[in-house]
Amino acid sequence: MDTVFKALADPTRRELLDELFTEDGQTLTALQTRFSMTRFGVMKHLKLLEEAGLVVTRRRGREKLHFLNPVPIRLVHDRWVSKYAEPWAAGLSDLKTRLESPMEKIFEIYIKTTPERLWEAITDSEIRSKYQFGNTMSSDWVPGGHFEMSNPKAGAVLGEGENLEVDPPRKLVQTMRALWDDDVKAEGTSRITWEIEPVGDSCHLTVTHDQLREGANDQLFGGWPMILSGLKTWLETGEKLTTPGSLMYT
């Protein structure tokens, strides 16, 4: 976590994160116009944020877009803050950005585990319930197959979709339609992509939630930092997070 604190210590880097919080997926040129420094200076700050995992980048044609990744901040929250100030602090991880349609959110995390064990944690219903609000996933996990997200205490199916691509233990692509209340039902179908890349004795996990409408309800994607923090905690320690959100429906 030292790199995270080092990155956040500089006010310019905090301002860069604020800019991406307000409008995610910006180019270097767009970010530079908001600061009274050279292009090279902004690049240096972005590089440190990338090294800390607070910013992730994606190529779109000839452009390189920068996205805010709140997962490292969530991990800090889960380690030191949640026990004392969860009701106040949970709001800090809600993402309320409005982007040009279609909207996408990208989350990255490093987990000390194998690709096979990580894939199992994503697709095994019992394990999934340990870090995703107590919810289970039922599916045959084949391309074109259907999946449902449910919870015995919820009283109804919470979400459903189709498995578009199933490539264990590397990649899983699914459509997703949230069903837990009328507000999220109205959002229609989005897409979730899980990508696993082995790095030494660990895995680099990237979750991309896209095909969201402009200004989509943040219930659809605001829970990812807590879910991924819970996944990392479970795989590395065998324990559940005890934040209220992680225990929802349990």
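**Exercise 1.** Is Arg-34 buried, partly exposed or exposed, and what is its relative accessible area?

*Solution.* Before we start: this is a predicted model, where local features need pLDDT of at least 70, side-chain atom pairs count only at pLDDT 80 or more, and totals for chains, interfaces and linings use all residues. Residues are numbered from 1 along each chain as its sequence is written, and side-chain values use heavy atoms, with hydrogens and water left out.

Step 1: recall the classes: buried is under 20% relative accessible area, exposed is over 50%, and partly exposed lies in between (1.4 Å probe, protein chains only). Step 2: Arg-34 has a relative accessible area of 37%, so Arg-34 is partly exposed.

**Exercise 2.** Find the salt-bridge partner of Arg-34 and locate both residues.

*Solution.* Step 1: look for a side-chain nitrogen of Lys or Arg within 4 Å of a carboxyl oxygen of Asp or Glu. Step 3: Arg-34 sits in the loop between α3 and α4, and Glu-23 in the loop between α2 and α3, 11 residues apart.

**Exercise 3.** Classify the ring pair of Trp-194 and Trp-224.

*Solution.* Step 1: rings of Phe, Tyr and Trp (its six-membered ring) pair if their centres lie within 6.5 Å; planes under 30 degrees apart are stacked, over 60 edge-to-face, the rest tilted. Step 2: here the centres are 5.4 Å apart and the planes make 75°, which gives an edge-to-face pair. Step 3: both Trp-194 and Trp-224 are buried.

Methods:
Helices (H or I, at least four residues) and strands (E, at least two) are DSSP runs, numbered from the N terminus.
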